[in-house]
Structure formats: C-alpha cells, structure tokens
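I opened this model to look up its pockets and what lines them. My notes follow.

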Amino acid sequence: MKHFEANFDGLVGPTHNYAGLSFGNVASQSNAALTSNPKDAAKQGLKKAKALADMGMVQGMLAPQERPDLHTLRRIGFSGTDAEVLQKAAQQAPALLQACCSASSMWTANAATVSPSADTRDGKLHFTPANLVDKLHRSIEPSTTGNILKAIFADSRHFHHHEHLPEHPSFGDEGAANHTRLCSDYSRAGVEVFVYGRAVTRPDMPAPKKYPARQTLEASQAVARLHQLEDDNTVFMQQTPDVIDQGVFHNDVIAVGNQNVLFYHEQAFLHTQEKLAEIQRKMDTDMHFIEVPTAKVGVQDAVKSYLFNTQIITLPNGEMAIIAPTDCEENAAVHAYLTELVTFNTPIKKVHYFDVKQSMQNGGGPACLRLRVAMNEAELAAVNPNVMMNDALFNRLNQWVDKHYRDRLTIADLADPQLLVESRTALDELTQIMKLGSVYRFQK
C-alpha cells in the first residue's frame, strides 16, 4: 500500500483584511489598516496549491469560516437584524467587529493537530482542532473547523475526531503550527515533536516577557494522550522565550521538519542538543539536523522573510524541495543561504518561490496555509474527493472567487451588510462545490 503526506491548504475567505489583530505577530501588526485584496489573496493561495498538485503532491483544500461571525456578535450582546448587529458593533466596539470578520482560518496549520495511523495505538488517523484561545479572533474557529474536518474525513473506520481542548489558557493549543512529525518513511511510525512556549504547572521554567507563549506544555501533552501516542514516539521541546519576544509566535516561524530532516534556527529551542539527541534516539533512521546560524541569518531576517515558514516536501522522485515565499528570494541573506543549502549533503535539492504576499502581509507564509496529513491510499480513498485539487477544481474555485470576491476591502467595509450577504452566498455555493453539507451556522 502506498503512503504519502497530503497537504490541505486553507481557501482564503471573502473577508480577508488587515486589522492587525495578532499581538506578537510582527507582520500582522505592522500592516494593520492596509487595504486588502481578497480576490488576489484567494488566487495566490489556489495557485500555490495547484502548483504542488502539479508537482505530484496530494493536495486538498479546506473551506474558510463564516465571516462576519454574527453568532459571536449576538452572544456578546448585539441584537436586532443582521444589518443592525453589524452597525451597532461598528459603532460601539469596532475591535470586536474586526475580530469577528477575520479570515485567519486560511492558516490551516493552526486548524488542528493530526497524528497518522502509523503512530496511533488504534491505527486510525486522529484530528484535534486547535482551541486557539490566545486570540479572540481565532478562538471562535474550532467548532466550525471540526465540522469541516468531519465533512472531509468522515469515515469512522479510518478517522478519529476529537473535540478541541478546554477553552482556558492552561490548555492554549495552536495546532500543527507547533507540531512536526518526523519519520524515515510515511508508512512507518514516526516521532511527533510538540513545541511549547510555557508550562503552566511549572512556573519555575523560563517564559517570554514581551509576547505571549500561545502553546502550553499541558496542551501538547493532552493532544498526545488523545491521539494515543506512546512515549517512544513523542518529544516535547520548549521554544526559546527570547525568540518568542522577537516575534516568533509559533514554532513554524523558526523551524520546519519533513521525514528525516529538521531545519531550524540555532536560537529556536531550549536545551537543543539534548532534545536533538532524544529525537535521534527515538528515530529508526539517521536524521539530518540542519541548523541555520545567526551569523548567516539573524532572527529578524528569518521572521521577516519567513525562511522557516516554508514547506519542505518530498517529491515523487524522493528528493525534497522547499516551498518558499518570494520574500525569501528578496531578502539578500536568506536568498544566499537557500542558494547554498541546496548544495549541502542533505535531501533538500530545490527551492521553489511563490508569491503569497496577501497572506504574508497578514503574518502567514506557505507553511501557515497548509495542514499536513500523512496517510495511506486506503485512507485517501475515504477522503471526500470533492476537496482534492485537480484541474477541474482549480478552474471551478477560480471562477467561484471571480464571482463572489471583492478586489478591495478596507476595515470600514467590514460593517457593510452587503459583505455579509456576499460572504454567505459564496460559502453556501462552496459547500455545494465541495459537497460538505451544512457546516456553517447560517445553513442550519
């Protein structure tokens, strides 16, 4: 039976905007109040996903969330017609309206943590939606995320879905953005690396002082338990608090792994050598640990270019390639390093650059845009086929974007009742295209 790693990219939603909601995310905050282009953003994401499918990768798409989120606005006391709710929120609490209009679900690396059947005791593929409690605009995503995942991975013979963790800071969970799976081959049990920023029950441990540590050790341990992982295939590593305070809000901004490659900045982790030794001890193959020295690429260059928020993929010929944003190409130090990297004695032989600037300006690169799901061909056969990228879906989704998306959106536009109508009309049609059923509240 064939085994492979699929990527499921987030389709950028119709309300893609720059509200600067993510404290600790330098790009998000520095580009606050810019005018966005939802149509371009969606098409940039689709182009990247289609390019990977054309390279021979298994590529799917995940639907966006319903935004504006009228349900949340009503929960916090705004009443009346939909138009009145939007108007009152815009007048009385514009920051809350902006949170309820965020298109941040496009970054599906935060959608969930996924453990493949090769790693789990029950031999099923496990999904736990991230609770994302650190940010209001993301904390309203998990229920709908769970609905979408269940609509795509519906067969209980193969897939095991969990409820998101308790909605409390002790269990702050950011999903796959702080989780990397390493393995010799996708068919074999691997080592799941959980990276956390702080330990709630260990106040003596170091923690960042400026920006929040969004992932807790307790959350990572809870997900490992839910997914029926064993001690010999899990490693828990702490992110360096200082790099969090430099804008490294998730581990995938400072490290990325694939199969037997871990690509990371020298300042990424605490107790680095001890933890790398643990990974090597638990792996059934030799690891390639590729450490990028500060002398070659500083943390700020890494954050600004998203050198580590790249995808490392294994191509059908067995070679690995990096999928990088064009921002890496435009940064002299980062481009020089990547040019040198492909000459090293590692499996990474190519770098492909993609323009995802609409996402980058809001704080998410290529790795943010995808959820990784390692699976076998029987599990793939059980996946909803209408979400899998091919020529027909690519053309259909581009036509759908052209029909429903605006090419200009300002923060003031978020209160426009017509935007709500446009968004719901688009999402209702999308669920028919992707045959998801009624995954949104407005469809109930």
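By pocket I mean an open set of grid points with protein on both sides within 12 Å along at least five of seven lines. A volume is the space filled by probe spheres set on the points. The model is a predicted one.

Entry one, the largest pocket. I read a volume of about 460 Å³. I counted 22 lining residues, with His71, Thr72, Arg75, Ile140 and Arg441 nearest the centre. By class I found seven nonpolar, eight polar and seven charged residues. Which helix gives the largest share of this lining? I traced that share, four residues, to H7. Helix H3 (70-75) and helix H6 (136-139) each supply at least two residues as well.

Entry two, helix H7. I checked residues 142-152 and found eight of the eleven buried. Pro142, Thr144, Thr145 and Gly146 are among them. Ile148, Leu149, Ala151 and Ile152 are buried too.

Entry three, the second largest pocket. I noted about 290 Å³ of space here. Its lining has 13 residues, and His3, Phe4, Thr314, Leu315 and Pro316 are the closest to the centre. Strand S1 (residues 3-10) gives the largest share, three residues. I sorted the lining into six nonpolar, five polar and two charged residues.

I placed Glu377 in helix H15 (residues 377-381). Beyond its neighbours within four places in sequence, I found Glu377 in contact with Met1, Lys2 and Phe4.

Key
Residues numbered from 1 in each chain as written. Predicted model: local features only at pLDDT ≥ 70, side-chain atom pairs only at ≥ 80, totals over all residues. Heavy atoms only, no water. Buried < 20%, exposed > 50% of the residue type's maximum accessible area, 1.4 Å probe, protein only. Contact = heavy atoms within 4.5 Å. 1 Å grid on protein atoms, 1.4 Å probe; cavity = no way out; pocket = protein on both sides within 12 Å on 5 of 7 lines; lining within 4 Å. Nonpolar A, V, L, I, M, F, W, Y, C, P; charged D, E, K, R; others polar.
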